[in-house]
Every structure is written in C-alpha cells, then in structure tokens.
Amino acid sequence: MVESVEAPRAGAVLTVDLGAVRANYRQLANMTRGACAAVMKADAYGIGMEQVAPALALEGCKVFFTAHLEEGIRLRQLVPEHCAIYVLHGPPPGTAKECFQYDLTPVLNDPGQLHEWRTVAHKLGRELPAAIQLDTGMSRMGIASTDLAALSRTSDWLQGLRPTLVMSHLACADEPGHPMNDAQRRRFDTLREVLPGVPASLANSSGVFLGPDYHYDLLRPGAALYGINPQPGMPNPLRQAVSLRARVVQVRSVCEGDVVGYGAHHVCAGERRIATVAVGYADGWLRSLSGRGFAFVDGIKVPIVGRVSMDSMGLDVTGIPAERIVPGAEVELMGAHQTVDEVASAAGTIGYEVLTRLGSRFHRRYL
Ligand SMILES: *Cc1c(COP(=O)(O)O)cnc(C)c1O
C-alpha cells in the first residue's frame, strides 16, 4: 500500500516529536537536585530552535545556551523574559552592547573577553552578569589555569561583574572509564576556588550519566534532549525525537553488470530493483553513507547502493513487494527502525553531525 504523502512537493518529511524532547528534558532534570539547562546551538542541533525552545520553556527550562551571539538574539524572542540565555562563545569584540541590549549573558572565556565585559560594565556604571568558563584540560574554550592565576592575583579582577555561573566542559564524558573525567572534575574544583559561592556547571549530556559528582548546580545537555544516546554502546535511555521519511521518485529493474550512481562504483550482481529516493547530500544526508547506509520499508532493511548524489540516492528494494515501492511512496531513513546514532555509525560519524546537517529542504512537521 502506498502511504499518504504528507508533502509531495518536498523530497522528504522530517518529523520532530516535541513531546519526546520535552520528556527527555524532564528525564534529565529529574536526575539532578540542581537545575537543568538546554543547549540550543546550531538551531537546536538542526531540529528547530523556534519550536524547541518554547516547548522546553513550557517544560520548566529556565536556562538556555547558544554558541553565537546571533543565535542568542534569535532565541531572546522565543523564550520568556525570565529565562537566562548564555552565549557560549562570549561577546565577539565590539558587541558587548548587543549582549546587554538583548539581555544575553556572555560566557567569558579568556582575559580579553573578561576585560571587555568589565569595560562595558564600567561605562554603564552597573554590575553585569557573566558566566566564567575555565579550561580544565580540553584546551578549547575557557580561561587557562595560568591566566586565571595571574588574573585572580589582583583583588579587583571581577570588578563590575556579577558571576552567575562558573563552568567547564568535559572532553571525554562519553567514555565513562576515561581518566580525563575525574581529572577534569578535580581540576574544576581546584580552579573554581577563586569564585566561591558561584553556581557551577560541568556536565553535558554524557556528563549527566557520569553520576551526581558531575552534576553541580546546573546540567547543560544538548544532544540527549534530541534523542542522541549519551552512553554510546549502552541502551539509549532517552526517546528518539526525529524521524525522516523520503519519497520515491523512480523505480527501475537492472540486470547483472549494470551500474548504479556516480563513479559507476556499484555493480549489480544480478537482477535487482532499484528505487531512486529524493534525498541526497544537499539535504544533509551524508555522502559517506554511499554503499554503507540503509533505509527501511515497513520494517525491512534496504541498502543504499551507489553513491549518494546531491538530491537523490539509490536503494536496492528487490526484497520489497513491487506495489509498495512506486513513485510517491515513502521510505524511512530515520525513525522507529533506525536511530540517528545508527545512521551516524554507518556514516562513520556521530549523531551530532547527522542531526546538525539535516537541511532546510525537508518539509518539517512538529508534533
Ligand atoms: C555543546 C555543548 C554542550 C552540550 O553538549 P551535549 O554533548 O550536546 O550535551 C554543553 N556545554 C558546552 C560548553 C557545549 O559546547
């Protein structure tokens, strides 16, 4: 039976289950005695900040993180005034005023940002809230321990600032046995002694599952909210939030020796039926899935054959009844039978990359 096509004008339908995102938030929030924030960077990991942020605010989330100032400005329009929005990258040089204007709290990552934010506070003649990020070993963002030591030698290093959060980020939280986790946690405790009484935050999604020692005052999950497994190799305790169904454009029969796709890399070993579906790498469906990934038809696994093209790819649907695979019919790329993590593993990457790549071409449906 041909399933009804939601949006025959688009190549695929991306369905986001906001109920699942909310349930995931609740589950994570229930794991801690502290508070739980939500990370919204990259358009809520590609699934739509405009829909996700208000849904999480309704679920009781009061603290949000974006990466860029621009994302923070957009987010400010989407959540109630009382919600805090932290900008992880801090204020780019010369933009402190905009942070102030949109009530965005910068995460100050180095002495330069600290200095700039202090200067703004001085000019405005008032104390400004700020988060302070400390580098505990990842060498990505945050004040280095040597800089922190130099800064905190002067008693007025925080003058004009009201630190509302001290935070750091774990490099190996998805590997529970990795010695970096404990080392970074201890380092965090030592370094944050210069900020007594300031609420602390260390755990991303995987960090939450390292146990209460890592929870501090505020959890900072992103991925887990959107259904990515925070504990790779173990059963996913969270709900899938995204499903993707692609439309069949054409079906053909091929013979032994026929080739499929660019580069003529896939050579058919016998008579096969090939369906061309309307999703390709320009939709964010990774090209590395060529000859390695799968789709599902009514629960039956069908392989991607040949290279993923810009706007389409081939599926070997020989095992599927012919009347099921006709132009306009839908196949599952993600959903009940295939998680975002499984797609990622076939593509040789992580669920984060699969989600954040999902393009703007799909018809989107929010439940
Ligand atoms: C992206 C990010 C998070 C969220 O990480 P997840 O693994 O998606 O939960 C938390 N904190 C910082 C600093 C981040 O950059």
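Because domain 1 (18–226) and domain 2 (242–366) both give residues to its lining, the largest pocket lies between them; the domain bounds come from an automatic or database domain assignment. The model is predicted, so that local features need pLDDT of at least 70 and side-chain atom pairs count only at pLDDT 80 or more, while totals for chains, interfaces and linings use all residues. Residues are numbered from 1 along each chain as its sequence is written, and side-chain values use heavy atoms, without hydrogens and water.

A pocket is an open set of points on a 1 Å grid over the protein atoms alone where a 1.4 Å probe fits, with protein on both sides within 12 Å along at least five of seven lines, and its lining residues have an atom within 4 Å of a point. A volume is the space filled by probe spheres set on the points, which are joined across faces, edges and corners.

| Largest | about 920 Å³ | 20 nonpolar, 15 polar, 7 charged |

Of the 42 residues lining the largest pocket, Tyr45, His169, Asn204, Ile350 and Tyr352 are the closest to its centre. Among the helices (DSSP runs of H or I, at least four residues, numbered from the N terminus), α11 gives the most to this lining, with 4 residues.

The second largest pocket has 14 lining residues, with Val260, Gly261, Thr276, Ser309 and Gly314 nearest its centre.

Definitions and conventions
Helices (H or I, at least four residues) and strands (E, at least two) are DSSP runs, numbered from the N terminus. Ala, Val, Leu, Ile, Met, Phe, Trp, Tyr, Cys and Pro count as nonpolar, Asp, Glu, Lys and Arg as charged, and the others, Gly among them, as polar.
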